[in-house]
Amino acid sequence: IYYNMSFPVGRTSDFISDPSFAGVSFDGKQFISNNTAIGLLFGWNVFSKNETGLTQYSSGNVSGAVYGNTAYYYNILPLMASVTYFPNTNRNAKTKFYMVGYVGAYSFNQQLEIGVNTFENNNWHFGLAPEIGVYYQAGRTTNLTLSTRYNYAFSSGEALNGDESNYQAWINVNLGIGYNSW
């Protein structure tokens, strides 16, 4: 299980630029050789931002301004398959560096609340996510991890503001605790 801290980049930061400290992911792996494992990841990341005051909007030929409370939300659910490579082939080493390649789908729920009005957009995106990290064997069956993952979800569906491209990207910093059976 991982605690995910997330930092938006690219189009994601155009909508919400604030970092998120509300994320969790579950990652199960099975070794297929001494230094390679395959697995599945399921997670949940939430980005949010609230503003009060004058907010200006512009999209294509339409522009305007609203005064009041405005809230922005992203709820993101990744479902990914992974291949993990441990360059240190000694399975008995307490500390191991690793690299992971994730491929799969992201469910994006984007919301914009202006006063009592809510604008919402849901899209599934195909995505990739490389990760690097360090794994520490804390006990016979307990491990701790620290990693960084770059998430990239390719453009899919329609953007909330009507733009043609709605790719999304963010960086996770992950702290994890796990169980291993070897």
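**Cavity and nonpolar core in a predicted model**

The largest cavity in this predicted model has a volume of about 50 Å³.

User: How many cavities of 30 Å³ or more are there?
Analyst: Rolling a probe the size of a water molecule over the atoms shows where empty space is left. With a cut-off of 30 Å³, the count comes to 1 cavity.

User: Which element gives the largest share of the lining of the largest cavity?
Analyst: The lining consists of Y74, F108, Q110, N121, N123, H125, N166 and Q168. Two elements give two or more residues to this lining, β5 (95-114) and β6 (117-137). The largest share, 3 residues, comes from β6.

User: How do the residues of that lining divide into nonpolar, polar and charged?
Analyst: Among the lining residues are Y74 and F108, along with Q110, N121 and H125. By class, the lining has 2 nonpolar, 6 polar and no charged residues.

User: Which element gives the most to the largest nonpolar core?
Analyst: This core has 23 residues, of which Y74, I76, Y106 and F108 touch the most other members. The elements that give two or more residues to the core are β3 (36-59), β4 (62-85), β5 and β6. With 7 residues, the element that gives the most is β5.

User: Which residues does I76 touch, not counting those up to four places away in sequence?
Analyst: I76 is one of the core residues that touch the most other members, a group that includes Y106 and F108. Contact here means heavy atoms within 4.5 Å. Leaving out residues up to four places away in sequence, I76 touches G43, W44, N45, F47, Y106, S107, F108 and W170.

How values were computed. Residues are numbered from 1 along each chain as its sequence is written. This is a predicted model: local features need pLDDT of at least 70, side-chain atom pairs count only at pLDDT 80 or more; totals for chains, interfaces and linings use all residues. Side-chain values use heavy atoms; hydrogens and water are left out. On a 1 Å grid over the protein atoms alone, a cavity is a set of points where a 1.4 Å probe fits but cannot get out, and a pocket is an open set with protein on both sides within 12 Å along at least five of seven lines; lining residues have an atom within 4 Å of a point. Grid points are joined across faces, edges and corners, and a volume is the space filled by probe spheres set on the points. Helices (H or I, at least four residues) and strands (E, at least two) are DSSP runs, numbered from the N terminus. Ala, Val, Leu, Ile, Met, Phe, Trp, Tyr, Cys and Pro count as nonpolar, Asp, Glu, Lys and Arg as charged, and the others, Gly among them, as polar. A nonpolar core is a set of buried Ala, Val, Leu, Ile, Met, Phe, Trp, Tyr and Cys residues joined through side-chain atoms within 4.5 Å. Buried means under 20% relative accessible area, exposed over 50%, partly exposed in between (1.4 Å probe, protein chains only).
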